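Visitor: I have a sequence and a model open side by side. Could you show me how to read the features one at a time?
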Amino acid sequence: MQQLKGVKILVVDDEPNILQFLELGLQNEGFEVKTAQDGMSAMTLMKQFHPHVVILDVMMPGIDGFEVCRMLKKMKNVAVIMLTARDEVDDRVKGLTLGADDYMVKPFSFEELLARIYARIRNQFPNLFGEVVIGPFHIDDRRKEIRFEDRVLELSPTEYELLKFLVLNHGLVLSKTMILDKVWGYDFGGDENIVEVYIRSLRGKLNDKNHQLIRTLRGSGYRVDLP
């Protein structure tokens, strides 16, 4: 992982052990970290600390994570990753509808959380990276341009957003629903098979005939595998 100076992360959870674990782990990665044990403290810190990323537990006393997420998204551009002890579809949908950018279920891998944090930063704060280089991909969000193995890809705006989303989240399994939400938007009312159409087009432009780069996981979604 590339260490980034000046990136601020706020961790909000009512479990002291989780707060301490994440605070130490994220500080070791070079992030500036603050913690809060409830929603009110989180909102106070938000105004003082101005974090780039908020890791937010759903179930907390007083103001729950859903309400905190709603208020955060009204205040400023901030990436919100929600945590829950329950793998409930309704919770996930509610969080995403309120503006959450990602969702993880406890217990979770710190390495996966770290990967998701970097993905959110690259998506929402690309200027912190400049040009993002991931394996054979060079993503220049300011020019809306992606180079693959020193070749500029001819991409439509939707193809650009889809490939960027896949590459920035490389190694993670991305469902069709997640891809539709993040690339086409929550209000997309078309057929989810449109994802397959665009994936096929990207594979053609990447010369990925054997699907070794963009893999299909039957019943789960897609995953980009990089050397």
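Visitor: What span should the 12 residues of α8 have at 1.5 Å a residue?

Guide: Before the answer, note that this is a predicted model. The 12 residues of α8 should span 16 Å. The end C-alpha atoms of α8 are 17 Å apart, which agrees with that figure.

Visitor: Which residues of α8 are buried?

Guide: Buried here means under 20% relative accessible area. In α8 that applies to Val195, Ile199, Leu202 and Arg203. Viewed down the axis of α8, these buried residues fall within an arc of 100°, so they line one face of the helix. Arg200 and Gly204 are exposed on the other side of α8.

Visitor: Why do residues three or four places apart point the same way in an α-helix?

Guide: An α-helix has 3.6 residues a turn, so residues at that spacing point the same way.

Visitor: What covers the buried residues of α8?

Guide: The cover includes α6, α7, β10 (214–217) and β11. Just after α8 comes asparagine 207, with a positive phi of about 55°.

Visitor: Which residues touch the most other members in the largest nonpolar core?

Guide: That core has 28 residues, and those touching the most other members are Phe137, Leu162, Leu163, Leu166, Ile179, Leu206 and Ile214. At least two core residues come from each of β6 (132–134), β7 (137–140), β8 (145–148), α6 (157–168), α7 (176–184), α8 (194–205) and β11 (221–224). The most is given by α6, with 7 residues.

Visitor: What does isoleucine 179 touch, not counting residues up to four places away in sequence?

Guide: On that count, isoleucine 179 touches Leu162, Phe165, Leu166, Leu174, Trp184, Val195 and Tyr222. There is also a second, separate core of 23 residues, which includes Val7, Val11, Ile18 and Phe108.

Visitor: Is histidine 138 buried or exposed?

Guide: Compare its accessible area with the cut-off of 20%. Histidine 138 has a relative accessible area of 18%, so it is buried. This histidine 138 lies in strand β7. Leaving aside neighbours within four places in sequence, histidine 138 contacts Glu131, Val132, Val133, Glu145, Ile146 and Arg147.

Visitor: Now the sheet. In what order do the 5 strands of the open sheet stand?

Guide: The order is β2-β1-β3-β4-β5, and the pairing is parallel. At the edges stand β2 (32–36) and β5 (102–105), each with a single partner strand, so one side of each is left without a neighbour in the sheet. On average, neighbouring strands of this sheet are turned by 20° against each other, direction ignored.

Visitor: How many bridges pair β3 with β4?

Guide: Strand β3 (residues 53–57) and strand β4 (residues 79–84) pair over 5 bridges, in the parallel sense. Aspartate 57 stands opposite leucine 83 in β4.

Visitor: Which strands does helix α2 touch where it packs on the sheet?

Guide: Helix α2 (residues 39–49) touches β1 (8–12), β2 and β3, and its direction makes about 155° with that of β2. The buried residues of α2 are Gly39, Ala42, Met43, Leu45, Met46 and Phe49. Seen down the axis of α2, they fall within an arc of 165°, so they line one face of the helix. These buried residues pack against β1, β2, β3 and α3 (65–75). The face of α2 turned away from its buried side carries exposed Met40, Lys47 and Gln48.

Visitor: Which residues of α1 are buried?

Guide: They are Ile18, Leu19, Leu22, Gly25 and Leu26. Down the axis of α1 these buried residues fall within an arc of 145°, so they line one face of the helix. Their cover includes β1, β2, β3 and α5 (110–124). Exposed Pro16, Asn17 and Asn28 are on the face of α1 turned away from the buried side. Following α1 is glycine 30, whose phi is positive, near 100°.

Visitor: And for the protein as a whole, how many helices and strands are there?

Guide: The protein has 8 helices and 11 strands. Of its 227 residues, 48% are buried.

Notes
Residues are numbered from 1 along each chain as its sequence is written. This is a predicted model: local features need pLDDT of at least 70, side-chain atom pairs count only at pLDDT 80 or more; totals for chains, interfaces and linings use all residues. Side-chain values use heavy atoms; hydrogens and water are left out. Two strands pair if DSSP finds at least two bridges between them. Helices (H or I, at least four residues) and strands (E, at least two) are DSSP runs, numbered from the N terminus. Axes are lines fitted to C-alpha atoms, for helices over the stretch in contact, and angles run from 0 to 180 degrees between N-to-C directions. Contact means heavy atoms within 4.5 Å. Buried means under 20% relative accessible area, exposed over 50%, partly exposed in between (1.4 Å probe, protein chains only). The arc is that of the directions from the helix axis to the C-beta atoms. A nonpolar core is a set of buried Ala, Val, Leu, Ile, Met, Phe, Trp, Tyr and Cys residues joined through side-chain atoms within 4.5 Å. The expected span of a helix is 1.5 Å times one less than its number of residues.
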